[in-house]
Every structure is written in structure tokens, then in C-alpha cells.
Amino acid sequence: MRSWSRPAVPTLPGTGPVPALHDTATDSLRPTRPVDGAASLYVCGITPYDATHLGHAATYLAFDSLVRAWLDAGVRVTYAQNTTDVDDPLLERATATGVDWRELAASQTDLFRSDMEHLAVLPPDHYVAVTDVVPEVAEAVAHLVDRGVAYRVPTSSSSDGDDVYFDVRAAERDTSWHLGLESRYDAETMARFFAERGGDPGREGKRDPLDPLLWRAARDGEPSWTSVLGAGRPGWHIECTVIAQQHLASPITVNGGGIDLVFPHHEMSAAHGTALTGGDYADLWAHAGMVGYQGEKMSKSLGNLVKVSELVAAGRDPRAVRLALGTHHYRADREWFEADLVAAEARLARWVAWAATAGGAERATTPTALLVAVRAALADDLDVPAALTAVDAAVASGAPADPVDVDAVQALLGVDLRA
Ligand code: 5CA
Ligand code: ZN
């Protein structure tokens, strides 16, 4: 599927350090570990039915900082992202609004692309719709059945074969994956999150309440594809496993998303992936905190959304939106306030005026003090707020900007002050 256009990234003198990130699996700061100078990144994409709210934007901006830091460190990056363009909430929204589900997904994905362009997010190398990989998913599921870690559950409401579930206990017995490997939650929390986040603990015929759906046999009125498993559609976690493993070497250097995806989504993606390859799924698990609004998590299901496209349509500068989201560390749960955007607009105006002082000045050929400070901040668990403070200090010093400083803000923080 088409990705989006790539913003310019100026070349900077020298190279930055390879960034360290907080790893959810070990709850510690760990260096990212590119192999032979190459890193792979998978970040879970949107379910395109109400895009793009500032929570989504914050999460993709966090991983954009990682890509920018890696590139600056001289690392080659391969980045893959999915779009969940067939899933229950999307189908429900399409039915409720009388729109064809394909049109809803296509229009919201388009909106997402243009929002990412406005925010100067570097595009993934592989942007993949689930509907484009259904045969591959079915084959992977069939393989898991053959391997003894998945089983069929007959359904009375479909004449096109069975649903297929992943057998968590068999996987714990027969693979190196085990429940809690990545998420570290206790049994009670896992049970609660499984039920709240798309799971079906009470489904009759399952071997364990936490077994996740791999394949849903066709039902009347639902989209389906013919496959080696009969007619049906993919379950949620397996889509990300298949797309990631199709495009990225295993283990993935960093697997990312919002913290709401830790369990069951990422845990189960890892379980499926380990069963498919025999090896670890990801080397490091990175998760962004949740953006809230009016006291609750900003979410499509609650409808308490502030959308990037609406802010841009209202004439707000997307560079200020990026700066406003960057004032909080990516791992912090935080609330969106309009006042943060107003403050970011003022900050942007100060920075633009400072950038103009660089004029035709000669470029530094070695890293400036500001570049060194921004690099160090990003390498330390993507500390964008610290990087913004470093730029503020340079701006406030009264000394004219070096062209390299202005380039550093663009290359590393994604804000083009000459635009
Ligand atoms: N399609 C699946 C992932 S395979 C999905 O979770 N889609 S989503 O549209 O609900 O979310 C897209 C991304 O935004 C995910 O990484 C999710 O963790 C993140 N996200 C969703 N809501 C918020 C929020 N309020 N704050 C921060 N990140 C969020
Ligand atoms: Zn995902």
C-alpha cells in the first residue's frame, strides 16, 4: 500500500549515539541493538475509522524520534507499519454510519497519511493493509495448527469452516515464549485486559480463556476471503506478526506502539511469531504513554477526540502541534490542553525568529554545542522535552543561530524553521 511522502532530513556534521530505550519486557533502559548497522522497527498502525487524534499522533511522533536518532547515528532503518483495515470496531462504525467499510477505511487512511505529512513524520518503508495479506495470514495460521499450537473451534453461525484459536498453554510448553514474557502483568490484570481489549474469554470450546482468535470463519454480512482455511478473515494479533515477519528480519530491533497494546496484543503477536520462527520476536519492546482529554484516555470508542486534521483546518500550525506533543516525555501518560498548543505556537515563533538570524552565516563543520545536546537527549530514551529545553536555551542566549543548529532542529526534532 502507498505510504506517505518523505520530509527532507538535512545532513548534520558527525554522528549521534545509538539511542537507548525503555524496554517494557525488562522494565529497564537498554541500548537498541542494530545488527551490522541495520535496525528494524515495527509500529502498530491505526484502525482507520476515526483518524488521527492527538493520542495516535503522539505515539507515531515518539517512534519518529527513534527513526531520526537512528538515522543520525548512521544506522540503516527498515520500518514497517500496518493498518487494521478490517476489524470489528471498523465494521461496526461502517454499519452505524451507513458507509461501506472499505470506503471508511480508505478515507480515514488517506486522512492519516496527510496528517503524518503535516507533522513531518518519516514514512514507513512498508505500509501494509491487513486486507492485502489475508492469504499469508491464513497460511501462517494453518502452519500454527500443523505445529500443534492452534486449534479449530466449530461455529454454528458459519458454514465456511471453523474459527481458529491460538493455544497459549501448548505454546508455553512447546516454544520459548511464555505468558508475561513481555508484558509482566499478573494473571488478574491479564484477564481484565484480555476481556477489555478485544478478547473473548467466555467463548465456548476454547481450551483456555486467554487463547486469542487467529482466524474468524465467515459470517453472514461480514467481509471474508477464501483461503487455505476456508472463507474468513484474520484475527487481530496475527496480522501484525505476519506483516512484521514478512518485511523485517527476526528478531525485530524494536517493536512499538501505545502502552494499551502491551497485553494482549503485543504479547500474543510475540507468541505467534515465536511459534512461527522458533526464535525471539523482538529484541526490545517500546511503548508510548496515553494521551487523555477531558479526564479520560483519548479514544475513538469514547469519542473525546482532538484531531490533527481539525486543528490544521482551523489554521493551527502543525509544527506547533508537534512541539506541543513533544513537551511531555513519550512514556508519560498525559492530558491534552489547548493551552499547551498556544504555548507551543509562541515557542515556534521565537525559534523561527532565531533561525532567521542564521541567514547566510557559515556552517559549522563539527557538531555545535546545541547539536551535541539534542543528540544526547534523544539517545537517552528519546527525551524530546530535554531537547526542546536545549533549543530554548540557545534561542534565549541572544547569540545568532548557526545553520547547523537550524538543520539539527529539522533533522532530529522534525520542525523545519525555514518553512
Ligand atoms: N490497529 C491497532 C494496532 S494493530 C490499533 O490499536 N489501532 S488504534 O487506532 O486504536 O491505535 C493506533 C496507535 O495509537 C496504537 O499504537 C495505539 O497504542 C495508539 N494510541 C491509541 N490511543 C492512544 C492515546 N490516547 N494516546 C496515545 N496513543 C494512543
Ligand atoms: Zn498491531
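**A first look around**

Modeller: Let's start at ligand 1: one of its oxygen atoms is 2.6 Å from an N or O atom in the side chain of Lys300. That is a polar contact, a pair of N or O atoms within 3.5 Å; within protein, one must be able to donate a hydrogen and the other to accept it, and residues adjacent in sequence count only if both atoms are side-chain atoms.

Biologist: Before we go on, what sort of model is this?

Modeller: This is a predicted model, where local features need pLDDT of at least 70 and side-chain atom pairs count only at pLDDT 80 or more, while totals for chains, interfaces and linings use all residues. Residues are numbered from 1 along each chain as its sequence is written, chains are lettered from A and ligands numbered from 1 in the order in which they are written, and side-chain values use heavy atoms, with hydrogens and water left out.

Biologist: Thanks! Which residues come nearest to ligand 1?

Modeller: There are 24 residues around ligand 1, and Thr59, Thr84, Asp260, Met298 and Lys300 come nearest. A residue is counted there if one of its heavy atoms lies within 4 Å. The backbone takes part too: a backbone N or O atom of Gly258 lies 2.9 Å from an oxygen atom of ligand 1, and a polar backbone atom of Val291 is 2.9 Å from a nitrogen atom of the ligand.

Biologist: And what coordinates the zinc ion?

Modeller: Ligand 2, the zinc ion, is coordinated by Cys44 (SG), Cys240 (SG) and His265 (NE2), at 2.0 to 2.3 Å. Donors are N, O and S atoms within 2.8 Å of the metal (3.2 Å for Na, K and Ca), and water is not among the atoms, so sites may look incomplete.

Biologist: Why is the arrangement called tetrahedral?

Modeller: Because the 4 donor atoms around the zinc ion subtend angles of 102 to 118 degrees; four donors count as tetrahedral if all angles lie between 85 and 135 degrees.

Biologist: Where do Cys240 and His265 sit in the chain?

Modeller: Cys240 is in helix α7 (residues 236-247) and His265 in helix α8 (residues 262-277), 25 residues apart. Helices here are DSSP runs (H or I, at least four residues), strands are too (E, at least two), and both are numbered from the N terminus.

Biologist: Are those two buried or exposed?

Modeller: Cys240 is buried, at 2% relative accessible area, and His265 is buried as well, at 1%. Buried means under 20% relative accessible area, exposed over 50%, and partly exposed in between (1.4 Å probe, protein chains only).

Biologist: New topic! How many residues has the largest nonpolar core?

Modeller: That core has 75 residues, and Leu41, Trp336 and Val391 are among those with the most contacts inside it. Its largest share, 11 residues, comes from helix α1 (residues 54-72). A second, separate core has 52 residues, including Tyr42 and Val149. Such a core is a set of buried Ala, Val, Leu, Ile, Met, Phe, Trp, Tyr and Cys residues joined through side-chain atoms within 4.5 Å.

Biologist: Last one: where are the cis peptide bonds?

Modeller: One joins Ala51 and Thr52, with omega about -25 degrees, and Thr52 is in the loop between β3 (38-43) and α1. Another joins Phe263 and Pro264, with omega about 0 degrees, and Pro264 has its place in helix α8.

Technical notes:
Tetrahedral: all angles 85-135°; square planar, octahedral: opposite > 155°, others 65-115°.
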